[in-house]
Amino acid sequence: MTDSQETDQVRPTMPLERANFIAMAIAGAMIVLGFILMLGGSSTTEAFNADIFSTRRIVVGPLIAFLGFVAMAAAIIIDPRRLPFGKKR
């Protein structure tokens, strides 16, 4: 065995690489953005706020948050070489 083969066998590999963490950060930002889009005032007994039924709060926000959760799962599972910003070996 050569020295390079020995170091390859001894060197531990990380299960997640830098590209995975970048993808996880993007997915986390999507989740936070989705929840921010769902924020807003509520209705009270004195005044009805029709904005609680806006498309942004009941469709767009939850959709972006859901896609963020799906992207988070994909960022953890996917091989970092398949990501556009991952290292090519």
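User: Is Arg56 buried, partly exposed or exposed, and what is its relative accessible area?

Analyst: In this predicted model, local features need pLDDT of at least 70, side-chain atom pairs count only at pLDDT 80 or more, and totals for chains, interfaces and linings use all residues. Residues are numbered from 1 along each chain as its sequence is written, and side-chain values use heavy atoms, with hydrogens and water left out. The classes rest on relative accessible area with a 1.4 Å probe and protein chains only: buried is under 20%, exposed is over 50%, and partly exposed lies in between. Arg56 is therefore partly exposed, its relative accessible area being 34%.

User: Which residue meets Arg56 in a salt bridge?

Analyst: A salt bridge requires a side-chain nitrogen of Lys or Arg within 4 Å of a carboxyl oxygen of Asp or Glu. For Arg56 the N to O distance is 3.9 Å, and the partner is Asp51.

User: Which residues are linked with Asp51 in a network of salt bridges?

Analyst: Asp51 is partly exposed, at 32% relative accessibility. Besides the bridge to Arg56, Asp51 forms a salt bridge with Arg57, where the closest N and O atoms are 3.8 Å apart. The residues linked with Asp51 in the network are Arg56 and Arg57.

User: Is Arg57 buried or exposed?

Analyst: Arg57 takes part in a salt bridge with Asp51. Its relative accessibility is 13%, so Arg57 counts as buried.

User: How far apart are the closest N and O atoms of Asp79 and Arg81?

Analyst: Asp79 is partly exposed at 30% relative accessibility, and Arg81 is partly exposed at 39%. Side chains of opposite charge can pair when their charged atoms come close. Asp79 and Arg81 form a salt bridge, and their closest N and O atoms are apart by 3.0 Å.

User: How many salt bridges are there by this rule?

Analyst: Asp51 bridges to Arg56 and to Arg57, while Asp79 bridges to Arg81. The count comes to three.

User: Which residues form the aromatic pair, and is it stacked, edge-to-face or tilted?

Analyst: Rings of Phe, Tyr and Trp (its six-membered ring) pair if their centres lie within 6.5 Å; planes under 30 degrees apart are stacked, over 60 edge-to-face, and the rest tilted. A search of the whole structure finds one aromatic pair. The rings of Phe48 and Phe53 lie 6.2 Å centre to centre with 35 degrees between the planes, and the pair is tilted.

User: Are Phe48 and Phe53 buried or exposed?

Analyst: These two residues form the tilted aromatic pair. Both Phe48 and Phe53 are exposed.
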